[in-house]
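Colleague: I'd like to learn how to read aromatic contacts in a model. Could you walk me through one?

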Amino acid sequence: MKFQSTRGEHQGIELADAIRLGAAPDGGLFLPEGIPFVGEIDGADDTPAFAEAMLQPFFAGSSLEGELASACRRAFAQPLPIAPVDNARPTLRSLELFHGPTGAFKDFGAQFLFSLLDTIGQRSAPLTVLAATSGDTGAAVGCAAEGRLGASAVILFPEGRVSAYQAKQISCWTAPVQALEVEGDFDDCQRLVKAAFQDRALSERHNLTSANSINIGRLMPQMAYIAAAATRTYRETGEKPGFIIPTGNLGHGFAALYARAMGLPIGPVILVTNANPALSEWHKSGTYTPRTSLATIANAMDVGAPSNFERLQSLSDQLGTFGVELVDDDAIKARIVADYRTSGYLWCPHSATAAEAFARLPEAEQKARPWLACATAHPYKFADVVEPLVGVSVTPTPALAAIDHRSSRAVPMRASLDELARFLGTNDIQEDAA
Ligand SMILES: *Cc1c(COP(=O)(O)O)cnc(C)c1O
């Protein structure tokens, strides 16, 4: 399988190059040259093996084909429970995507991508993943990079603009991971990362690469967990489950539509946003207007212009229909409280958007099939929002509790490219080894 850009200038690209480059040089995003049809796959209870079978067509003939099995074992080491939520609403199930090392579904993509980047880096020269983050991605990337030989991670986050817990989760990983606490806001961090990539000499000296949600290496594992959960539910109930997916940059939302087009037993798909309106406006009116992002309590979804929208649009005639629902902060809070009171199930603010979208479905639709609401993060990560609403303290997963016992080590930095360049010079894997 080869890959091509959504903008058409770049075709016949090797998987390893698509992953190494992140975005296509013409400004587009990489997609497989055709949607491979795989149909149903057996053995969905063994998620790593299932993922390997499902993703095999993308790796066929690639220099990374031999790495697929170990990338799947690493990315799908965490359990993937489909939990009942409420006896009174048996068709609503929570697909718990938060049992990984940093408590959000970003772990699947980061672990998978880093396995591949590590191999690519070990075969040529070590890579440096540069990432600006305001939350879950930074933690997942740092964790996935720890102990690697072929790819290091440098994570920039804005001083004083992330919660104390988020800062801890970003800065607690050991070599070759370094967290930089930037004097400035998230936009300053992003500007710095962009400037570093645009500085040809700097970028080539350190083999800079990115791990953000447009990388095809993050999308593939997201297709696989959706497909595995769909297949398990289909085998159990005889119905193709619907999926309700909290959406920001359209990473796993797009992945679900793509997996359905590959022939996996996935029913209706509903993409849910927080108050950021670009997607729902487009879905209603056909006009897409990118915006600056609005801050909400589901902050990992605070996206004004979804970066994977271009992929969705370029395949619009092949992906089938889907719904879009917008859930604002008041509705998120009300849903967290209501579901906790009636069933004891506690959603994080992002996952609550999916539960709310289920509640808004007509009753006949709710009962027509099982619905998997994607629970994208553990509520412990957002305890500052959730605990005051429900008046109990949230118990962490063992993995999240383990993070609490780590020490953090962020380096403070001014928002200047010179400082970043100086820092990169001291952090390279190859220079450490020399
Ligand atoms: C990233 C994230 C989302 C949004 O996912 P996209 O793939 O960007 O659409 C939702 N919830 C949580 C907790 C996240 O970290």
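Predicted model: local features only at pLDDT ≥ 70, side-chain atom pairs only at ≥ 80, totals over all residues.

Colleague: Thanks! Now the rings: how many aromatic pairs are there?

Modeller: In general, a pair of aromatic rings is described by the distance of the centres and the angle of the planes. Here, counting rings whose centres lie within 6.5 Å, the total is 10 aromatic pairs. Take W282 and F309: their centres are 5.0 Å apart and their planes at 90 degrees, an edge-to-face pair. W282 belongs to helix α11 (residues 278-285) and F309 to helix α12 (residues 309-314), so this pair links parts of the chain 27 residues apart.

Colleague: Is W282 buried or exposed?

Modeller: W282 has a relative accessible area of 17%, so it counts as buried, the cut-off being under 20%. F309 is buried too, at 4%.

Colleague: And why is the pair of W282 and F322 called stacked?

Modeller: Because the planes of W282 and F322 are at 25 degrees, with the ring centres 6.2 Å apart; stacked requires planes under 30 degrees apart. F322 sits in the loop between α12 and β11 (323-326) and W282 in helix α11, so the pair ties together parts 40 residues apart in sequence. Both residues, W282 and F322, are buried.

Key
Residues numbered from 1 in each chain as written. Heavy atoms only, no water. Phe/Tyr/Trp six-rings, centres within 6.5 Å; stacked < 30°, edge-to-face > 60°. Helix = DSSP H or I, 4+ residues; strand = E, 2+ residues; numbered from the N terminus. Buried < 20%, exposed > 50% of the residue type's maximum accessible area, 1.4 Å probe, protein only.
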